[in-house]
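Me: I would like to learn how to read the strands and helices of a protein model. Could we go through one step by step?

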Amino acid sequence: MILQKGDQRRERFLKDGNVLRRMRDAGGAGKGCIAGGIVLLVFAVLLSAPCLIAGLGKAAVAVGGFFMAPGFFLVFLGRGMQTKKVTNYLTYYREATGFDEQELRKVEQEIMAPSMVMIGNVPTENRQGASEKNPQISCMITDHYFVVPLLMGESYIRRIEDMVLAAYSQEIPGINGYQHGLIFLSKKDTDAYKNAFLTREACGEVIGALQARKPDLITSQRFEYGGRHFDAVTDGKEIARVFFTGNILA
């Protein structure tokens, strides 16, 4: 679904104006540690409470301490890891994209522009809380950049002029057979990226928005170039090499 300017779902995602930082703050080992620590603290309370009620103070302390000490440790460790991760978010983006801070600021400005196309997605399976009211943000396509939030606070950000391919496929390798989703590739990649969470409708919207900004974008999984046949699912590395070097030989 395309989330137009004024859509509350879009505005909620853009509300603080620092989208790159927010994307970096999503998920990660730090939040995993915090969640694990909270679970242990809950166990400490639930298991020590019956001992206290029964008047077994020493048992309550022993049981509570067994879970509480590692629980607090994981919470503090996770907070430290997450704080460091978010504090250094610009360093991450510089290394991941090759952009300097000036260009990263330009990315941020274009994300906030009315012309940015935001595409939401509600997977048919493994929704993980996604719904029509709270869709996953599959990507943001600005005037010059393709921005894709990935798992664990990672992100895919490329100049649209460098994009080579964006295609729908029903042959993405996955558990229990093939899955369907989006394959995308830029000149700066070493292999094709695959997103098997997107519905066919969302894939079509992403491809259409990218192609509107780059008409020569390849939109087929299989295509011919320079007299050779390529399949984006199996030949991603070779496609990236060919388009990066411009050399169809060897």
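Me: In what order do the five strands of the open sheet lie, and is the pairing parallel or antiparallel?

Reply: Keep in mind that this is a predicted model. In general, strands of a sheet pair through backbone hydrogen bonds, and the pairing is either parallel or antiparallel. Here the order is E1-E2-E3-E4-E5, with antiparallel pairing.

Me: Which strands stand at the edges?

Reply: Strand E1 (2-3) and strand E5 (155-159) do. Each has a single partner strand, so one side of each lacks a neighbour in the sheet.

Me: Which helix packs on this sheet?

Reply: Helix H7, residues 200-213, touches E1, strand E2 (117-121), E3 and E4. The direction of H7 makes about 165 degrees with that of E2.

Me: How many bridges join strand E3 to strand E4?

Reply: Two bridges join E3 (residues 136-141) to E4 (residues 145-149), and these strands run antiparallel.

Me: Where is threonine 142, and is it buried or exposed?

Reply: Threonine 142 sits in the loop between E3 and E4. A residue counts as buried when its relative accessible area is under 20%. For threonine 142 the value is 0%, so this residue is buried. Leaving out residues up to four places away in sequence, threonine 142 touches Glu110, Ile111, Met116, Ile160 and Arg213.

Me: What is the strand order in the open sheet of three strands?

Reply: That order is E6-E7-E8, and the pairing is antiparallel. Strand E6 (163-174) and strand E8 (193-195) are at the edges; each has a single partner strand, so one side of each is left without a neighbour in the sheet. On average, neighbouring strands of this sheet are turned by 30 degrees against each other, direction ignored. Strand E7 (residues 177-186) is joined to E8 by three bridges, and isoleucine 183 has lysine 194 in E8 as its bridge partner.

Me: Which residues of helix H5 are buried, and why are they on the same side of H5?

Reply: In H5 (residues 89-97), the buried residues are Tyr89, Tyr92, Tyr93 and Thr97. They are on the same side of H5 because they cover an arc of only 105 degrees around the axis.

Me: What follows H5?

Reply: Glycine 98 does, and its phi is positive, near 80 degrees.

Terms used. Residues numbered from 1 in each chain as written. Predicted model: local features only at pLDDT ≥ 70, side-chain atom pairs only at ≥ 80, totals over all residues. Heavy atoms only, no water. Pairing = 2+ DSSP bridges. Helix = DSSP H or I, 4+ residues; strand = E, 2+ residues; numbered from the N terminus. Contact = heavy atoms within 4.5 Å. Axes fitted to C-alpha atoms, helices over the stretch in contact; angles between N-to-C directions. Buried < 20%, exposed > 50% of the residue type's maximum accessible area, 1.4 Å probe, protein only. Arc of directions from axis to C-beta.
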